[in-house]
Amino acid sequence: MVAKRVRMSDDFPNTTLPKPLESSTAVWHAPEEDDDTQWTTVIEPHDPWYKIDLAGLWQYRDLILLLVKRDFVAIYKQTVLGPLWFFLTPLFTTVVFTIVFGRIARIPTDGIPPFLFYLSGTVCWGYFSGCLLETSNTFVSNAHILGKVYFPRLAIPIGVVISHGLKFSIQFILFLCFFGYFYVIGASVSPNLWALALPLVVIQMAVLGLAGGILVSSMTTKYRDLSHLVSFGIQLWMYATPVVYPLSQIPDQYRNWYALNPMAAIVELFRLGFTGTSALEPVHMITSVVVTVALFAWGLVMFSRVERTFMDTV
Amino acid sequence: MGIVIKIENVWKQYRLGVIGHQYLKHDVQSWWARVRGKEDPNTPVDLGNNGNGSNRTMWALRDLTLAIQEGEVLGIIGKNGAGKSTLLKVISRVTAPTSGRIKIKGRVTSLLEVGTGFHPELTGRENVFLNGAILGMRVNEVKRKFDEIVDFSGLEPFIDTPVKRYSSGMYVRLAFAVAAHLDSDILILDEVLAVGDAAFQTKSKQKMRGVTGQGRTVLFVSHNMPAISSICSRAILLRRGEVCVDGTPERTIEQYLAEAEEREVPLVDLRDHPNRAEGSIPFFESIELRPGGKLNAGLLVGDSLELRIRFRAAYRFSNMKIAFNIEDHFGGIVARLSPLLRQPELCLHAPKSGEFICVIPSLNLTPGRYNITLDAVDRDNRANSKDLIERACSFEMKDASVLDLPYIPKVGTIFLDSTWDVSSLDGKEESSAPGS
């Protein structure tokens, strides 16, 4: 026994360590002064619901950027066509929509060239649904990382929204090319000052996608079947949004209700800015922003409630 | 030296089995039943336990209170399920405690695993940055240490190759290299030393010792007792979520080993073994040790030993690799045995359930306690067949031998019998040089 010890310590030469303090015992006796300000971190079972660790997120901004880079590089490396896919998906979808909804079903497009009409809808919808779908999987698909390391959990959905934002900007360039083409050949498109609202539109889409995604992801930790519902629900949601038909097709008396879908005003505003035709009214835009902010706040609260213990349930 | 981690009355509860109802349908059902004033159809029927389903929860940490001083290297030991990993997870904020409070002074990095977040498609270089960021390093910090990290890993020629082309050894070397260069006040480690080949392990241990020498506070969970006793300045033993020994590593390890040696039964039922690794699919059913000599006399040095390992597979396998390790009670592997060496055909077409019989003709281990770790994997279906039981059973080598010997040396792990002779060099010394 003793001899074995000798052999073992030979494995670890030059052990020069401070010997343990005999005073350290299992029971910790509170010292007289217990100044809470000296601690950098205090871990408690529950944080107040409104506490969102913005400072922590800022500290981990490099991680967010690297996650974005990872998503991009991984997509680029895994496929033969690489970044070409960013162009191909909206193009094919638009072609199919133009044939099915434009040629066969003959749904009017407010006088906008059908191809451009569907392309604008597809690009916007693609960004929103991409954000929503991917962030809604935050906990489940990153369980292997989240279960081993702590970092502000919001970093992952934010990274997703940014990388989809980059994808969106590539697709937006595609849209601009076609837009320029139609403009030059003299189709009925008239870009106007509303186009300046584009950055706000994009930010609202990002926030909305993030809101929906974190809301779903915090609920999927409890209800697994919700994730199936999401991919299906998002298809249905598209038909409740003016992607394949214009807002003007909705009967007047229902439009205010219809505008409760925050994506409706977003897609229409995008079109309005570039083509100058839309049945959009200010009340629709205000509704959309209010709903978005409300969803985002709800999402943040739900997310901060589950982020600290979700590892026990996944 | 001040206190840098203060753990106050921390409890952590896990629910076993299903959390909530998992399905929205059931929650709606329960809600609808409540609305109508009917009995909830989803109430668990376990009235034997006060009807509140309390048997479905488990306390991984019970009222744990602990203070860790700055610069202390604290070893945490205990059987599987004692709450070691839970404690580390709670301190590193991976999961929140159920009640209680933990106060920490300084920056914490936790290494509960090496290579967290490595992406197979990314190159070594890209993964170093990503992994560093996940562990809380800023990009500039990684940049500054990049050369050092690559140098430590010894992977310079492959640093721009995607890590999916790496061997598993290279992979962990790179991952450990990143981890080893973390700057933090408090470092939390869970069994990460056991990576790479022997040379790399030595390097890692040296690095570890360097780290602990810098006055950093380290929390270290391991089953590797030599590592605990050489690195740590204090050790605690956890038992069912409570600290039951707290003191010098020597004292704590002694207590732990004494506890681990309590059971010895010739036939061990393995079906609900507490040491079965997470994610295993039960394959082993029981193990029986039959010493060659008289049963009650125990195992003598040089005795034969017959092991009967009963198994039941979930499906008819075609390439099941089974093996076991004999380990000394410090966790060091003494030998690895498998039918693959002499009768590989046994692994190819064995029955769905049955018994492997292994005979060791002469077990030449020095007196003491040894453990057996069993593992099995279907090499044609790795994902669905892995079973691993650490320290599934133990046996004692008696301080006596079947050979006609006055005593057995108690040093070392194996006893090698040897014959000796001496020849005389007297009278030859003038003709040949001494020592030639």
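Visitor: Is α12(A) mostly covered or exposed?

Guide: A residue is buried if 20 or more other C-beta atoms, placed from the backbone, lie within 10 Å of its own; exposed means 12 or fewer, partly exposed in between. In α12(A), 13 of the 14 residues are buried. This is a predicted model, where local features need pLDDT of at least 70, side-chain atom pairs count only at 80 or more, and totals for chains, interfaces and linings use all residues. Residues are numbered from 1 along each chain as its sequence is written, with chains lettered from A and ligands numbered from 1 in the order written.

Visitor: In what order do the strands of the open sheet run?

Guide: Strands pair if DSSP finds at least two bridges between them. The order is β1(A)-β4(B)-β1(B)-β2(B), with antiparallel pairing. The edge strands, β1(A) and β2(B), each pair on one side only. Between β1(A) and β4(B) there are 3 bridges; Thr41(A) has Ile104(B) as its bridge partner.

Visitor: Which residues have the most contacts inside the largest nonpolar core?

Guide: Such a core joins buried Ala, Val, Leu, Ile, Met, Phe, Trp, Tyr and Cys residues through C-beta atoms within 7 Å. In this core of 132 residues, they are Leu74(B) and Phe220(B). Helix α5 of chain A gives the most to this core, with 11 residues.

Key: Helix = DSSP H or I, 4+ residues; strand = E, 2+ residues; numbered from the N terminus.
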